[in-house]
Amino acid sequence: MTNTATESLNRPIDVLIAGPLHPGLMQRLEGAYATSRLWEQSDSRAFLSEHGTRFEVLATSGAIGADKMLIESLPNLKLIASFGVGVDPIDLQAAASRGVAVTNTPNVLNGCVADAALGLLLGVARRIAEADRFIRAGEWTTNKFPLGTKIGGKLCGIVGMGGIGREIASRVVACGMRVAYYGPTPKSDLPYEYYGSVIDLARVADVLVLSLPGGDKTRHLVDGHVHEALGPQGILINVARGSVVDEDALENALKNGEIGGAGLDVFANEPHVPSSMIALKNVLLTPHIGSGTKETREAMAHLVFENIDAMVRGLPLISPV
Ligand code: 8YV
């Protein structure tokens with residue numbers, strides 16, 4: 001437990017850090033507040049029952065989350081400040097029923113997640129990782145590398161047209177693609193064609209890019225029927241959440257040539273990726289790096305800190321969920 005001088009606040013406050021966060025954020029929190037690192041406690045349950053009443057703020061992330069048990073073991077909790085835009089591992093209902101506010105880090109990561117989606121799209125269509133392996137294996141001197149797929153002129157179907165989806169749209173348009181999208185409601189300010197179901201969008205799309213929130217409502221939204229609709233030349237890109245895709249069905253679709261290829265940054269059981277998926281040639285895999293640039297992670301860390309600071313000062317939260 002560290003009790004240190006405060007950076008900029010009106011009253012002492014205890015912050016519980018749920019798990020290892022961005023190092024700069026932890027340093028800043030530990031400099032400004034009385035903090036405890038939950039994951040370093042030898043018996044976290046015993047720690048929470050002894051000290052749970054102290055904490056008004058829980059700092060967590062979209063990977064670590066906050067379940068009902070944790071929220072209920074902090075009776076004076078006022079704010080869950082999460083690092084990341086996705087809040088699917090946070091029990092929002094448990095937080096709301098206890099009057100606990102939740103903040104996340106939207107918008108600051110839109111550009112980098114969209115860059116990662118475009119990288120995966122080009123990587124799959126132009127077989128970039130495969131081409132790199134081809135040279136390293138010394139194959140160029142004896143073989144011709146197989147042709148890729150042109151993305152210009154093709155239709156990119158975006159599932160989830162929030163801040164990230166919009167950034168993906170502008171990037172693929174710059175590559176000469178056409179755009180259509182699916183989401184809960186059409187957006188009147190966008191020139192792209194709207195589809196009322198994922199399967200209808202998959203039928204017309206050459207590439208389907210997933211940039212929607214995870215959680216119960218979107219679980220396995222992309223199943224075997226959607227793969228079939230996307231078709232044998234189709235490419236699936238997922239920068240959203242692994243839970244959105246039926247991973248077994250996707251593996252079968254890739255194996256049987258029901259879809260052409262996939263670029264995946266997120267998985268059902270991170271950080272574990274099934275070895276059967278790793279063995280497939282027509283899939284490009286990255287370890288959840290969508291927001292993973294120094295600049296964006298710093299901006300996310302700053303926003304977490306600013307939300308906590310706003311709560312402490314009694315000011316409106318900057319990015320409430
Ligand atoms: C983060 C993310 O890597 O923002 C999100 O929802 O998935 C990523 O930006 C993650 O949440 C941080 O742990």
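Here are some notes on this predicted model, point by point.

1. Ground rules. The model is predicted, so local features need pLDDT of at least 70 and side-chain atom pairs count only at pLDDT 80 or more, while totals for chains, interfaces and linings use all residues. Residues are numbered from 1 along each chain as its sequence is written, and side-chain values use heavy atoms, with hydrogens and water left out.

2. The seven-stranded sheet. Seven strands make an open sheet with parallel pairing, in the order β8-β7-β6-β9-β10-β11-β12. Strands here (E, at least two residues) and helices (H or I, at least four residues) are DSSP runs, numbered from the N terminus; two strands pair if DSSP finds at least two bridges between them. β8 (193-195) and β12 (283-285) sit at the edges with a single partner strand each, so one side of each has no neighbour in the sheet. On average, neighbouring strands are turned by 20° against each other, direction ignored. For angles, axes are lines fitted to C-alpha atoms (for helices, over the stretch in contact), and values run from 0 to 180 degrees between N-to-C directions.

3. β11 (residues 261-264) pairs with β12 in the parallel sense over three bridges. Helix α5 (residues 110-125) lies across β9 (207-210), β10 (235-238), β11 and β12, and runs at about 150° to β10.

4. The five-stranded sheet. There is also an open sheet of five strands, ordered β2-β1-β3-β4-β5 and paired in parallel. Its edge strands are β2 and β5 (101-103), each pairing on one side only. Neighbouring strands in this sheet are turned by 20° against each other on average, again ignoring direction. β1 and β2 share four bridges in the parallel sense, and Asp14 stands opposite Ala34 in β2. Packed on the sheet is α12, which touches β3 (57-61), β4 (79-83) and β5; its direction makes about 170° with that of β4.

5. Helix α2, inside and out. Which residues of α2 (residues 44-51) are buried? Phe47, Leu48 and His51 are, where buried means under 20% relative accessible area, exposed over 50% and partly exposed in between (1.4 Å probe, protein chains only). Looking down the axis of α2, the buried residues fall within an arc of 95°, so they line one face of the helix; the arc is that of the directions from the helix axis to the C-beta atoms. Arg45, Ser49 and Glu50 are exposed on the other side. The cover over the buried residues includes β1 (14-17), β2 (34-37) and α3 (68-72), with contact meaning heavy atoms within 4.5 Å. At the start of α2, a side-chain oxygen of Asp43 comes to within 3.3 Å of the backbone nitrogen of Arg45.

6. The ligand site. There are 13 residues around the ligand, and Val85, Gly86, Arg241, His288 and Ser291 come nearest; to be near, a residue needs a heavy atom within 4 Å. A backbone N or O atom of Gly86 lies 2.8 Å from a ligand oxygen. On the side-chain side, an N or O atom of His288 is 2.7 Å from an oxygen atom of the ligand, and one of Ser291 is 2.6 Å from an oxygen atom of the ligand.

7. Arg241. This residue lies in the loop between β10 and α10 (247-255) and is buried, at 16% relative accessible area. The Arg241 side chain makes a polar contact with that of Asp88 at 3.1 Å. A polar contact is a pair of N or O atoms within 3.5 Å; within protein, one must be able to donate a hydrogen and the other to accept it, and residues adjacent in sequence count only if both atoms are side-chain atoms. Setting aside neighbours within four places in sequence, Arg241 is in contact with Gly62, Gly86, Asp88, Gly214, Val266 and His288.

8. Most residues other than glycine have a negative phi, and most peptide bonds are trans. His288, in the loop between β12 and α12 (294-313), has a positive phi near 50° and is partly exposed at 31% relative accessibility. Arg127, in the loop between α5 and α6 (128-136), has a positive phi near 55° and is partly exposed at 25%. The peptide bond from Glu270 to Pro271 is cis, with omega near 5°, and Pro271 is found in the loop between β11 and α11 (275-278).
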